[in-house]
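Dear colleague,

I am handing over the structure below for your reference.

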Amino acid sequence: GADQPPVLVYENVRKMYGDFVALNGVSLQVNKGEVMCLIGPSGSGKSTLLRCTNALETLNGGRVLLDGVPLPTKESEVRKVRQRMGMVFQSFELFPHKTALDNVAMGPITVLGMPEAEARARAMKLLEKVGLASKAQNYPANLSGGQQQRVAIARALAMEPEVMLFDEPTSALDPETVGEVLNVMKKLAQEGMTMIVVTHEMSFAQRVANWVVVFENGAIMEEGPPAQIFDNPTVARTRDFLGHLG
Ligand code: ADP
Ligand code: MG
């Protein structure tokens, strides 16, 4: 409700790699249940922002707050904070020698110390949720890219994160499997999951996001509700540009 702090707040976040400014003072916030889409050309700092969210990077300025509390720097505390965020990458990185079910059950077992039977029951529910109950015993090599990515989403959800961070989750997929992954993400959004999604899928951003942020050269070029962003002629040019990439 209105009395809760935003799930994530970025205050003037600055990140440098040597002399190169990857994020040049980014301020944003994400409220509970909101879907924020980050768009913009390659190299504009989108992944860096996610890495800063995850405390994978040390900031050169500003801060990131999760539920009103600045991200910790101590490794033991950082690990706990990371458990509250589900990450989904372009490359799904499932464990090849584990079944889909065991890939999903593994986090709860090894990280949360959940009994195996309970973890597998949770994993099975999540595979049902992403439409893969019938593939529970398949190994990743016997799943399509879209199916593997749905397993990766289930695996992230198994930790019951407060926020899901997606970094171009469909960019490595065959075109025919992109839709099934976007549909799972759309369903999560409708269920009220708080999400940050880096994507080149403009129609997803247009239909699912509450807030769209356009990055350029490590800064926010434009932000607003999708209706506003996608009417903007400058953004339309970016969209055309991105279209040429994809
Ligand atoms: P995007 O995700 O928008 O494509 P990134 O956040 O990955 O962009 O990268 C932003 C810029 O920072 C790019 O120019 C990239 O080359 C640079 N960069 C990213 N990570 C590193 C790193 N570890 N060391 C040096 N430069 C980096
Ligand atoms: Mg990136």
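**Sheet, helix and ligand**

Strand S1 (residues 8-17) and strand S4 (residues 61-66) run antiparallel and are joined by five bridges; helices (H or I, at least four residues) and strands (E, at least two) are DSSP runs, numbered from the N terminus. The model is predicted, so local features need pLDDT of at least 70 and side-chain atom pairs count only at pLDDT 80 or more, while totals for chains, interfaces and linings use all residues. Residues are numbered from 1 along each chain as its sequence is written, chains are lettered from A and ligands numbered from 1 in the order in which they are written, and side-chain values use heavy atoms, leaving out hydrogens and water.

Glu11 stands opposite Arg63 in S4. The open sheet has four strands in the order S2-S1-S4-S5, with antiparallel pairing (two strands pair if DSSP finds at least two bridges between them). Its edge strands, S2 (20-30) and S5 (69-70), each pair on one side only.

Helix H1 (residues 46-53) is largely enclosed by the rest of the structure, because six of its eight residues are buried (under 20% relative accessible area, 1.4 Å probe, protein chains only). These are Lys46, Thr48, Leu49, Leu50, Cys52 and Thr53. After H1 comes Ala55, with a positive phi near 60°.

H1 also gives the most to the shell around ligand 1, namely three residues. An oxygen atom of ligand 1 is 2.8 Å from an N or O atom in the side chain of Lys46. For the side chain of Thr48, the corresponding distance from an oxygen atom of the ligand to an N or O atom is 2.5 Å.

Kind regards

Methods
Buried < 20%, exposed > 50% of the residue type's maximum accessible area, 1.4 Å probe, protein only. Polar contact = N/O pair within 3.5 Å; in protein donor to acceptor, adjacent residues only side chain to side chain.
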